[in-house]
Amino acid sequence: MKHKKFLHYTHTLNNVVTNQAIADLVQSSGLLEHIKELLTVRSQQYETPYASLALPDDRALFLQVETLAQEKKLLKPTLVLVIGIGGSSLGAKAIYQALVGSFAHFNCQQPQLYFLETVDQNYTAALQKVVETALAQGENVIVNVITKSGTTTETLVNFETILTVLKKYRPADYYELVVVISDNNSSLHKQAKQENFSFLSIPKQVGGRYSVFSAVGLFPLMMVDIDCNALLAGASDILKNSLSTDLKVNQSAQSALMLYLYYQQGYRVHDSFFFAVDLEGLGKWYRQLMAESIGKEYDVNGKRVCRDMLPTVSVGTGDLHSVAQLYLNGQKNIVTTFVSVEDIQKKSEYMHAFIEGTKLAYQKNGIPFSSLIVPSLDAYGIGQFMQCKMVEIIILGFLFQVNPFDQPNVELYKKEVKCLLIK
Ligand code: PA5
């Protein structure tokens, strides 16, 4: 394989992040033991809550997904519609945007990939029309419904609507156009069996926001010819660093330690500032990963801690003309990770100047930041980035002593919504 360039992470030491502070934190938290534990559980495949670490090297799973994608590609679909939300859609959407670009829907590449992840009637009706138009012209549309729990209201409602459309235009063979991805034995799995839909499962212990390298991300991306081998190779290769106890090479641990130390000093916002327009989706994927994993009311010992580090996403250079005023106003509660792409920076002296100039301004104003440089905008680089960030968040959860895999508080609004809907 020709790709072998790695993510490059740097953070300038200052009075908060000192070598001594890092060494003390590593020592007091038992971080090296935790990293060794992650290495061990990785070999236990899907038996532990850290199951997602097994995904990049699971060839059997990859081949199963690939076989189904190849089968569905024989139908020559012009459109692939993912119906899912949160961890069931953000990862594939981010990768598609990063690799195919913001103008994916204007080029002639087929099939095109759309995401239905809202109950906003304006949006859903417009997308339904796109699907209907394709079907009315005799084209094939693959409907890929993804929900780990099989119970997410938005996804089920949207699936029902689109299924009705499929049945109207393709009464005899609509089932051939549906691919369900869910937990084994979920209600949707049962429906898939009854209606003869194709089905791919998600390993039980792999949570939504950690599932991008399972069928959840791989199936839709394979349908649109994203190089998923390179994606997983990037993830697998960076894991060698992210699970290393040599912290000099471990970008995930370095970033988690830095975030933790700033949090301890009152920094409550983590802004990921991407200098690449097509990486906005990746920012939103990371925002969910961090918010749902770290933003916990209780720690693992049941103590009320209310962890409140808010992940935000900025995209340069546009957002320099929007939020930079606030970022540079002298307050001391934002820590930034600048994410740039080496290839993009090299291509434009303007981009280079804006990235470096912004960093200098932050530095002069005492606004802390770290830099994460992705070597190039390809599947291998994006695979590295996502895997590096997933381990960063697992380690940050460990440092904060919170469970990075659950999201108990979101049940609160879901309960209220369900009550309103059955009234
Ligand atoms: O990370 C998570 O677990 C959540 O964001 C879920 O992905 C999201 O709520 C969607 O859930 P489901 O896949 O069960 O429809």
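This is a predicted model: local features need pLDDT of at least 70, side-chain atom pairs count only at pLDDT 80 or more; totals for chains, interfaces and linings use all residues.

Trainee: How many salt bridges does the rule find across the interface of domain 1 and domain 2?

Mentor: Side chains of opposite charge can pair when their charged atoms come close. The cut-off here is 4 Å between nitrogen and carboxyl oxygen. Across the interface, the rule gives two salt bridges.

Trainee: Which elements give two or more residues to the side of domain 1 that touches domain 2?

Mentor: Residues on that side of domain 1 divide into 15 nonpolar, five polar and seven charged. The elements that give two or more residues are helix H2 (31–43), helix H11 (280–294) and helix H15 (379–400).

Trainee: What area is buried between domain 1 and domain 2?

Mentor: Take the contacts first. In domain 1, 27 residues are in contact with 20 residues of domain 2. Seven residue pairs between the domains are in polar contact. Carbon and sulfur atoms give 64% of the buried area, which is about 2,000 Å².

Trainee: Now the ligand. Which residues come nearest to the ligand?

Mentor: There are 13 residues around the ligand. Those that come nearest are Ser88, Thr147, Ser149, Thr152 and Gln288.

Trainee: What is the distance from a ligand oxygen to an N or O atom in the side chain of Thr147?

Mentor: A polar backbone atom of Lys148 is 2.8 Å from an oxygen atom of the ligand. For a polar backbone atom of Arg209, the distance is 2.9 Å. For the side chain of Thr147, the value is 2.7 Å.

Trainee: Which residues does the cis peptide bond with omega of about 10° join?

Mentor: Look at the loop between strand S8 (310–315) and helix H12 (324–327), where Thr317 lies. The cis bond joins Gly316 and Thr317.

Trainee: What is the phi of Asn196?

Mentor: Asn196 sits in the loop between helix H7 (187–195) and strand S6 (198–201). This residue is not a glycine, yet its phi is positive. The value is about 65°.

Trainee: What separates Lys36 and Glu33 along helix H2?

Mentor: Lys36 and Glu33 form a salt bridge, with their closest N and O atoms 3.3 Å apart. The two are three residues apart in helix H2, so the separation is about one helical turn.

Terms used:
Residues are numbered from 1 along each chain as its sequence is written. Side-chain values use heavy atoms; hydrogens and water are left out. Contact means heavy atoms within 4.5 Å. Buried area is the accessible area (1.4 Å probe) that two parts lose on being put together, summed over both. A salt bridge is a side-chain nitrogen of Lys or Arg within 4 Å of a carboxyl oxygen of Asp or Glu. A polar contact is a pair of N or O atoms within 3.5 Å; within protein, one must be able to donate a hydrogen and the other to accept it, and residues adjacent in sequence count only if both atoms are side-chain atoms. Helices (H or I, at least four residues) and strands (E, at least two) are DSSP runs, numbered from the N terminus. Ala, Val, Leu, Ile, Met, Phe, Trp, Tyr, Cys and Pro count as nonpolar, Asp, Glu, Lys and Arg as charged, and the others, Gly among them, as polar. A residue is near a molecule or strand if one of its heavy atoms lies within 4 Å of it.
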